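Okay, thanks for coming, everyone. I've got one chain to walk you through, so let me put it up on the screen.

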Amino acid sequence: MPSWTTGLLRPELLALALLIAVLAGALRLLRPLLQRALRPTWALLNLAWCAQVLALLAATQDHVLLMGIFRDSAHVFTVWAGIQIGTLLVYRVLLPALRVQLPQIAQDLTLTALSLAWGLVWLRLAGVDPTQLFATSAIVTAVVAFAMQDTLGNVMGGVALQLDNSMRVGEWVQIDELSGQVVDVRWRHTEIVTRNRETVVVPNSWLMKNRFKVLRKRPGEPLLWRRMLQFNIDHSALPGTVLRTLELAVSDASIAHVALQPPPSAVLMEVCAGYNHYTLRYWLTDPQFDDPTDSAVRVHALAALAREGIPLGLPQAERLVASKDEQSRNAHVQREQARRIRAIRSIALFANLPDAEQQTLAAHLVYAPFVAGSAITRQGAVAHWLYLILHGDAEVVVDSSTGRTTVATLHDGEFFGEMGLLTGEPRSATVRAVTDVECYRLDKEGFGLVLAARPALAEDIATLLAQRRAAFTARLQQSATAAPPVRSKDLLARMQAFFKLA
């Protein structure tokens, strides 16, 4: 009769089982999120202990065959549990600590390969030739493979996707109308999370047979995704002006998630009946914000087109239009003219002008809207315009060798750009819209008509201009770029030369 002690595990396997139990317990305490992943390990350990208990019971009853079966089963389950906890430690603890992220399928493949290897080793140790087993089961294997061809196709597809790096976890992909981020590649499928927080399951075999787009960073470059926005513009607008306006609307604005390099570009795509079709292209830095960024770029582009007086185009078609009567049109014109007169009178430079001159200036005002973040004027640029803010806030910024200095904040009713209008000098500061800003813009031609009628007016305006320049210089005293004081006589001479007055 064999002793009951012959049913015990070998000391090394007993030590392995205890080590596995300690590691599994430590992981459960330190990494609560791995509790579900530890279930197979605990299950195999429980099976190993149950098999060991049954082996002991069989030994006490002199059932040698059963004792050997249960003892060998305990050995198999213990080593298998060791494989489980080992792969878990490598893929969930060690590799993340080294900042190496691999998909779940890599862990599954490793676990499967080690389990199969252990099975072959155990068969060899048990005295069974694995080659004979494979030869006798070839027909069964063929039948099973035929029945599971879809499942095997998904498995092989997942393996191929990982081996050739066609799709990586964390990358953004686009499949037909579906766009989202890859969160996991499993045996059977790939999981993609859309911007709507919807998890889409795509079979791996489908991915191997069809085309999909991947947004991937190039070595040494940030992630960039070119977006294309469509605009229909009236035929009356010169294409060169439209292209330049669309490009500057993006490059001169501070729009979140829009790359500065490569710069935006606009192209004329098609000439249609009633309009020209343009495409504005820019580079997006974060695919998560595609629609909001497209919207922001459209807002800036439409505001820029409105400032330049470029009308949008409509398809030509016959329409029945109910026109306003003459009295309604006149009332609208009068209201707009009164609004312009109030704007002219709010400017200190023009407040004391006679009504006739104010009417002339009001007729030359141009409505100019700006979107928050847009550059209304840029330091060093040459533009003969004066701006009057109707609604909104803007900041005045001066760039110098010592950095950028904010010298003033402009609000409703304030004006700027008078030096460019009256003397033709380059802009001394950058004015950027803090909020959406509505402006009136006055050009050189309109003011030139007033000066031509009353040349003596230039002296009075030069005095006011010198006062505003002195106030601007005072704001820059703390900056290394403080502008030198300018006398009213010097400004008068510049104005007379700019407008060619005697």
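Let's start with a cysteine. Cys 272 sits at 17% relative accessibility, so it counts as buried; buried means under 20% relative accessible area, exposed over 50%, and partly exposed in between, using a 1.4 Å probe and protein chains only. Cys 50 is partly exposed, at 46%. And how many disulfides do we get? The count is 0, with a disulfide taken as a pair of cysteine sulfur atoms within 2.5 Å.

Quick caveats. This is a predicted model, where local features need pLDDT of at least 70 and side-chain atom pairs need 80 or more, while totals for chains, interfaces and linings use all residues. Numbering runs from 1 along each chain as its sequence is written, and side-chain values use heavy atoms, leaving out hydrogens and water.

Now the overall picture. The chain has 16 helices and 16 strands, which are DSSP runs numbered from the N terminus (H or I, at least four residues; E, at least two). Of its 502 residues, 39% are buried.

On to the inside. The largest nonpolar core has 24 residues, and Leu 349, Phe 350, Leu 361 and Phe 447 have the most contacts inside it. By core I mean buried Ala, Val, Leu, Ile, Met, Phe, Trp, Tyr and Cys residues joined through side-chain atoms within 4.5 Å. Elements supplying at least two residues each include helix H11 (326-345), strand E11 (385-391) and helix H15 (457-475). Apart from that core lies another one, of 23 residues, with Val 242 and Leu 305 among them.
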